[in-house]
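Please look over the structure shown here before reading the notes.

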Amino acid sequence: MRKNTLKWMCLLSVALAFALSYPSRAAADDDDPPSRVARLAFTRGAVSFQPAGTDDWVDATVNRPMTTGDKIWSDQGSRAALHIGSASIHLSENTGFSFLNLTDNVTQLQVTAGTIRVRVKRLGDDENFEIDTPNLAFSVLRSGIYK
């Protein structure tokens, strides 16, 4: 009898420990990266990349995933293109670009210098797409091409 009681108490304590740790696992799921990232689809010339949280610039490589905080610079005579779902972003020469926010429902781009061309093929009802420039910030409200 004592052996069965000890066995049940061990099982109960394991189940209780698992149940108490479950909320922290659910909270940790909120820290997961978004399921949507941008992809550097094309580069020509001297295109540099700075990953978020670093001070070092490196040569940009095609198919590099990009997310919040990542920066790109296309130098004199250079070009780059990125894809995010159904949207494409083309950087002209001497253009500084970064992602201020990139989540499942929010795309917030920043242009610090130069020119970009953004083509949005589809925009969901709950999706926000914003472009920030040195002079203004605007939200894309419908599909189209924006420069």
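**Salt bridge**

The structure, a predicted model, holds 1 salt bridge. Glu127 and Arg36 form this salt bridge through their side chains, at 3.0 Å from N to O. The two residues come from distant parts of the chain, 91 residues apart.

- Side chains of opposite charge can pair when their charged atoms come close.
- Glu127 sits in the loop between strand 10 (116-120) and strand 11 (128-132).
- Arg36 sits in the loop between helix 1 and strand 1 (38-44).
- Both partners, Glu127 and Arg36, are buried.

- Gln50 is part of strand 2, which covers residues 47-50.
- The relative accessible area of Gln50 is 8%, and buried means under 20%, so Gln50 counts as buried.
- From its side chain, Gln50 reaches the backbone oxygen of Thr54 at 3.0 Å.
- Leaving aside residues up to four places away in sequence, Gln50 touches Asp55, Asp56 and Trp57, as well as Gly69, Asp70 and Lys71.

**Confidence of the model**

- The protein chain has a mean pLDDT of 85, with 77% of its residues at 70 or more.
- Among the elements of the protein chain, strand 5 (residues 71-74) has the highest mean pLDDT, 97.
- Helix 1 (residues 2-29) has the lowest among these elements, with a mean of 56.
- Where pLDDT is low, the predicted coordinates should not be read in detail.

Terms used. Residues numbered from 1 in each chain as written. Predicted model: local features only at pLDDT ≥ 70, side-chain atom pairs only at ≥ 80, totals over all residues. Heavy atoms only, no water. Helix = DSSP H or I, 4+ residues; strand = E, 2+ residues; numbered from the N terminus. Buried < 20%, exposed > 50% of the residue type's maximum accessible area, 1.4 Å probe, protein only. Polar contact = N/O pair within 3.5 Å; in protein donor to acceptor, adjacent residues only side chain to side chain. Contact = heavy atoms within 4.5 Å. pLDDT = per-residue confidence, 0-100. Salt bridge = Lys/Arg side-chain N within 4 Å of Asp/Glu carboxyl O.
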